[in-house]
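Hi,

Here is the structure we talked about. Have a look at it first, and then read my notes below.

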Amino acid sequence: MKKLGLFLLICGLLGIAGMASADTTIFSENFDTLNLGSLNGQNGWYSIVSGSENVFQVQNDIFYQGGQAINATSSPVNAAIVHDITPLSQGIATAYIRYDSTNAAPLVFGIRTTNARITRIIMRALYNEIVITDKYHPNGNEEGRTILGNSNPQTWFKVDIEWKNGLIRGRYNDGTWSEWLEPENSFTDVERVYIGAGTGYGIWNAYIDDISVKDTTPPPPPPPPPPSGQIITLPVASSSDMLAATGTLFSDLWLIIALFISIPLVFVIIPMVIDLVPADEKKRR
Ligand SMILES: [Ca+2]
């Protein structure tokens with residue numbers, strides 16, 4: 001029973017190890033242990049837009065989980081703050097977003113390379129709408145926006161961005177994924193996640209919490225089995241075959257015994273008999 005238990009334990013551990021190799025979380029941020037106040041400079045987050053360093057604030061009034069989240073405050077410019085991640089050609093970035101009035105400024109969650117934006121999910125409070133973009137559209141037109149779903153104020157919702165083979169797609173509240181989109185800025189690896197906020201709005205009660213990034217690269221295929229020869233199937237001997245084989249063995253034994261007897265007869269006994277013949281007899285011959 002002990003051996004059986006050990007066997008099952010090893011199987012269980014191998015199973016757990018196998019599960020861990022798929023969809024590994026490579027980055028997560030819940031903001032719960034950061035100091036209240038500006039996010040810029042804390043835990044690897046840094047602003048990439050001059051003049052927006054203090055737009056994103058750690059606060060503990062409204063949060064999705066833990067006890068703290070980020071609130072976007074008034075900004076004189078379109079703000080962006082980023083966190084570097086291990087470059088990843090295939091993955092899913094997830095965040096939870098909320099706004100408390102339809103006048104809230106747009107809040108953005110997105111992925112980037114070091115040098116350029118790839119895509120972003122925009123919370124458009126004015127329209128109770130969540131969209132993903134594949135074009136920059138600096139003039140604010142609707143081109144390059146795909147609606148993922150309709151949202152509601154004062155309700156946390158989940159957004160996902162998936163990327164693979166240079167394409168991106170989005171999902172709202174675990175619903176249906178959008179189609180795969182080709183972003184205006186091509187990319188090989190995602191290198192940063194970022195939070196953004198638009199300027200020109202008077203209300204800034206938008207929040208973001210619980211950001212994570214998963215590596216969805218499939219595990220490498222198992223190595224091929226070592227080369228092996230042809231599998232030989234040995235015939236199973238019947239009882240009659242066994243008896244016949246036993247008979248052959250005994251007849252062989254008798255042959256061996258006869259040889260053992262005849263060898264001394266030829267080489268020892270016969271010469272002895274010859275030597276017993278008298279010498280004169282030999283001469284006579
Ligand atoms: Ca939190």
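First, a term you'll need: I call a residue buried if 20 or more other C-beta atoms lie within 10 Å of its own, exposed if 12 or fewer do, and partly exposed in between, with C-beta atoms placed from the backbone. Helices (H or I, at least four residues) and strands (E, at least two) are DSSP runs, numbered from the N terminus.

Before the details, please note that this is a predicted model, in which local features need pLDDT of at least 70, side-chain atom pairs count only at pLDDT 80 or more, and totals for chains, interfaces and linings use all residues. Residues are numbered from 1 along each chain as its sequence is written.

The protein has three helices and 15 strands, and buried residues make up 29% of its 285 residues. Mean pLDDT (the predictor's confidence in each residue, from 0 to 100) is 81, and 70% of the residues reach 70 or more.

Now to strand E14, residues 190–197. Seven of its eight residues are buried, so the strand is largely enclosed by the rest of the structure. Strands count as paired if DSSP finds at least two bridges between them. E6 (residues 79–88) runs antiparallel to E14, joined by seven bridges, with Ala80 opposite Gly196. E8 (residues 107–112) also pairs with E14 in the antiparallel sense, over six bridges; there, Arg112 has Arg192 as its bridge partner.

Ile118 sits in strand E9 (residues 117–124). Why does Ile118 count as buried? Because 24 other C-beta atoms lie within 10 Å. Beyond four places in sequence, its contacts include Arg112, Pro183 and Val190. Pro183 is 65 residues away in sequence, yet the C-alpha atoms are 6.2 Å apart.

Outside its four-place neighbourhood in sequence, Ile70 is in contact with residues including Phe31, Phe56, Ile195 and Ile208.

Cheers

Methods: Two residues are in contact if their C-beta atoms, placed from the backbone, lie within 7 Å.
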